[in-house]
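This report walks through a few local features of the structure shown below.

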Amino acid sequence: MSDDDRQDGHGDAASIRDELPEDLDRGFVGPYQFPDNKRRRIPAALYVAFGLAAIAITLSAGDEGVLVNGGVLAVGVGLVAFGLYGWVAGYPLRVDENEALVVATRQAGFAVGHASAQLGWRGLRSRPTWRMLLFSADDPPTRRGLVLVDGVDGSVIDDLFEDNVD
């Protein structure tokens, strides 16, 4: 080992390994399963329930309540409004990344080699959208493109294709 290697704490290239620390490795092997957006509806229902409870407590206490005032009513209304937003924003993710890749490949018009998928959301109601980055199958790739695929109905929202110049 050279003096430079000793000073920066690195050994030879063969001793460096890219792996998870033992306490983080859970032994999972297989494809990653993207979580479904409809999970948002569980906390949304809880927000609505707690908001309605706060409203009911405020209304039942009337003007005589010592610990219950207009603030509890305002919080209740806010919780109900936020819960309703969470409910309508909880679109189910019906199109997985493999189906989105098929749609994007059809849209590309060229043989796809390497591809990458990213799940994002668009709009005020957070509709799930797949962002598919595609490269042509030739080596090196001569074409590249970006296709946005709706995660609910699988339609193509937008696309952009260009020559891959390096």
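## A strand residue and its surroundings

In this predicted model, T129 is buried, because its relative accessible area of 4% falls under the 20% that sets the limit for buried residues. The residue lies in strand β2, which covers residues 127–136, and its side chain is joined to the side chain of R122 by a polar contact of 3.1 Å. When neighbours within four places in sequence are left aside, the residues in contact with T129 are Q118, L119, G120, R122, L148, V149, G151 and I157.

## Helix α4

Helix α4 comprises the 12 residues 97–108, and its end C-alpha atoms are 16 Å apart, which agrees with the 16 Å that a helix of 12 residues should span at 1.5 Å a residue. Which residues of α4 are buried? They are A100, V103, A104 and A108, and because they cover an arc of only 140° around the axis, they sit on the same side of α4. The buried residues of this helix pack against four strands, namely β1 (112–122), β2, β3 (143–150) and β4 (156–163), and β2 is also the strand that holds T129.

At the start of α4, a side-chain oxygen of D96 comes to within 3.2 Å of the backbone nitrogen of N98, while just after the helix G109 adopts a positive phi of about 80°.

## The hairpin of β3 and β4

Strands β3 and β4 run antiparallel and are joined by 7 bridges; one of the pairings is that of G145 with F161, the latter being its bridge partner in β4. The hairpin has 5 residues between the strands, and G154 takes a positive phi near 80° in it.

| Residue | Place | Phi |

## A position in helix α2

A49 belongs to helix α2, which covers residues 41–61. Is this residue buried, partly exposed or exposed? A49 is partly exposed, because its relative accessible area is 42%, a value that lies between the limits of 20% for buried and 50% for exposed residues. In sequence A49 and G76 are 27 residues apart, whereas in space their C-alpha atoms are separated by 9.2 Å.

Conventions:
Residues are numbered from 1 along each chain as its sequence is written. This is a predicted model: local features need pLDDT of at least 70, side-chain atom pairs count only at pLDDT 80 or more; totals for chains, interfaces and linings use all residues. Side-chain values use heavy atoms; hydrogens and water are left out. Helices (H or I, at least four residues) and strands (E, at least two) are DSSP runs, numbered from the N terminus. Buried means under 20% relative accessible area, exposed over 50%, partly exposed in between (1.4 Å probe, protein chains only). A polar contact is a pair of N or O atoms within 3.5 Å; within protein, one must be able to donate a hydrogen and the other to accept it, and residues adjacent in sequence count only if both atoms are side-chain atoms. Contact means heavy atoms within 4.5 Å. The expected span of a helix is 1.5 Å times one less than its number of residues. The arc is that of the directions from the helix axis to the C-beta atoms. Two strands pair if DSSP finds at least two bridges between them.
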